[in-house]
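Dear colleague,

Please find below the structure that I am handing over to you. My notes on what was found in it follow directly after.

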Amino acid sequence: MGVHGVKAVFFDLDNTLVDTAAAGRRAIEEVLPLARCLSKVINALRSKHRCREGEARLICDKVQAKLLKECHDPAKMCITDLRISHWEEAIQETIGGEANRNLAAECYFLWKTTRLQHLTLAEDTRDMLTELRKRVRLLLLTNGDKQTQREKIEACACQPYFDAIVVGGEQKEEKPAPSIFHYCCDLLGVLPAECVMVGDSLDTDIQGGLNAGLKATVWLNKGMTTPVDTSPVPHYIISSVLDLPALLQKMEHKINAKLGTDHTASSNE
């Protein structure tokens with residue numbers, strides 16, 4: 001990129017660079033009965049509580065719902081204890097009886113391990129980041145509990161592709177607060193007006209980039225859905241993260257064209 005163009009790109013992690021939602025679904029599927037066999041968790045549930053297949057599915061559905069509504073305060077409880085509690089509550093809500101913390105922990109750790117195994121940075125995404133980093137500085141900016149996010153980062157082995165990695169749970173504020181974006185700028189030695197934020201969340205990635213005064217925000221909208229009227233408006237929309245290099249090239253051409261026009265106008269005055 002040229003002197004007047006983009007100098008740094010910030011990437012979100014979950015459901016932007018790695019498909020966390022899909023990994024979570026696959027993890028749940030592997031703790032549910034498959035076509036001809038039972039998973040380890042269902043075996044555990046059935047053997048210890050005589051839990052029927054339908055009840056086991058309901059337990060997993062309840063856990064997913066709790067994860068979606070999760071509000072985690074690390075000062076009050078570690079993420080591991082919180083998520084074991086999700087399983088403990090779901091089991092008790094579904095089949096009754098006394099709470100079984102050990103069984104809940106067994107279910108949680110199987111789900112967690114399976115999800116991490118399915119978190120991968122696709123080869124074409126790695127290639128894209130490698131090429132892009134030859135032109136601009138790259139930073140990974142992710143919200144979430146520091147332990148959980150660091151485990152994901154380690155699992156998908158994305159560290160070599162970035163100049164810096166910032167986890168919201170390790171900072172005073174997370175996206176969409178301007179402070180975390182400005183901290184990222186300071187890390188890379190760039191100005192907000194020289195940076196682009198790429199992410200799938202309008203509420204955190206896009207709104208945060210706008211709040212921080214970044215040069216541009218790029219919304220990854222895989223399903224090309226229509227946002228609600230009250231949503232923040234991104235500068236650009238792409239359906240695949242692989243479309244980003246071409247978009248950045250177009251942005252650069254626009255800047256160069258404008259500079260050329262301004263220079264011509266100035267020369268004619």
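Gly24 is buried, with a relative accessible area of 12%; buried here means under 20% relative accessible area, exposed means over 50%, and partly exposed covers what is in between, with a 1.4 Å probe and protein chains only. This glycine lies in helix 1. Helices (H or I, at least four residues) and strands (E, at least two) are DSSP runs, numbered from the N terminus. Between Gly24 and Leu119 there are 8.9 Å in space, C-alpha to C-alpha, although the two are 95 residues apart in sequence.

Please note that this is a predicted model, in which local features need pLDDT of at least 70 and side-chain atom pairs count only at pLDDT 80 or more, whereas totals for chains, interfaces and linings use all residues. Residues are numbered from 1 along each chain as its sequence is written, and side-chain values use heavy atoms, with hydrogens and water left out.

Pockets and cavity

Rolling a probe the size of a water molecule over the atoms shows where empty space is left. The search runs on a 1 Å grid over the protein atoms alone: a cavity is a set of points where a 1.4 Å probe fits but cannot get out, a pocket is an open set with protein on both sides within 12 Å along at least five of seven lines, and lining residues have an atom within 4 Å of a point. Grid points are joined across faces, edges and corners, and a volume is the space filled by probe spheres set on the points.

The largest pocket holds about 1,000 Å³ of space. It is lined by 35 residues, of which Asp14, Leu67, Glu70, Arg83 and Lys152 are the closest to its centre. Two or more lining residues come from each of helix 1 (20–30), helix 3 (53–68), helix 4 (79–95), helix 5, helix 7 (146–156) and helix 9 (202–211). Helix 1 supplies the largest share of this lining, 5 residues. By class, the lining of the largest pocket has 8 nonpolar, 15 polar and 12 charged residues. In this division Ala, Val, Leu, Ile, Met, Phe, Trp, Tyr, Cys and Pro count as nonpolar, Asp, Glu, Lys and Arg as charged, and the others, Gly among them, as polar. The largest pocket lies between domain 1 (8–18 + 121–264) and domain 2 (20–118), because both give residues to its lining; the domain bounds come from an automatic or database domain assignment.

For the second largest pocket, the volume is about 260 Å³. Leu17, Val18, Asp19, Ala122 and Lys222 are the closest to its centre among the 19 residues that line it. Helix 1 and helix 6 (123–132) are the elements that give two or more residues to this lining, and helix 1 gives the most, with 3 residues. The lining of the second largest pocket divides into 9 nonpolar, 6 polar and 4 charged residues. Domain 1 and domain 2 both contribute to the lining, so the second largest pocket also lies between them.

The structure holds 1 cavity of 30 Å³ or more. The volume of the largest cavity is about 40 Å³, and its lining consists of Arg83, Tyr108, Lys112, Arg115, Leu116, Thr148 and Glu151. Helix 5 gives the most to this lining, with 4 residues. The classes here are 2 nonpolar, 1 polar and 4 charged.

Helix 5

Helix 5 (residues 101–118) has 18 residues and spans 26 Å from its first C-alpha to its last, close to the 26 Å expected at 1.5 Å a residue, where the expected span is 1.5 Å times one less than the number of residues. Its buried residues include Tyr108, Lys112 and Arg115.

Individual residues

Lys66 lies in helix 3 and counts as buried, at 18% relative accessibility. Its side chain makes a polar contact with the side chain of Glu93 (3.1 Å). A polar contact is a pair of N or O atoms within 3.5 Å; within protein, one must be able to donate a hydrogen and the other to accept it, and residues adjacent in sequence count only if both atoms are side-chain atoms.

Thr142 belongs to strand 2 (residues 137–142) and is buried, at 1% relative accessibility. The side chains of Thr142 and Gln149 form a polar contact (2.6 Å).

Yours sincerely
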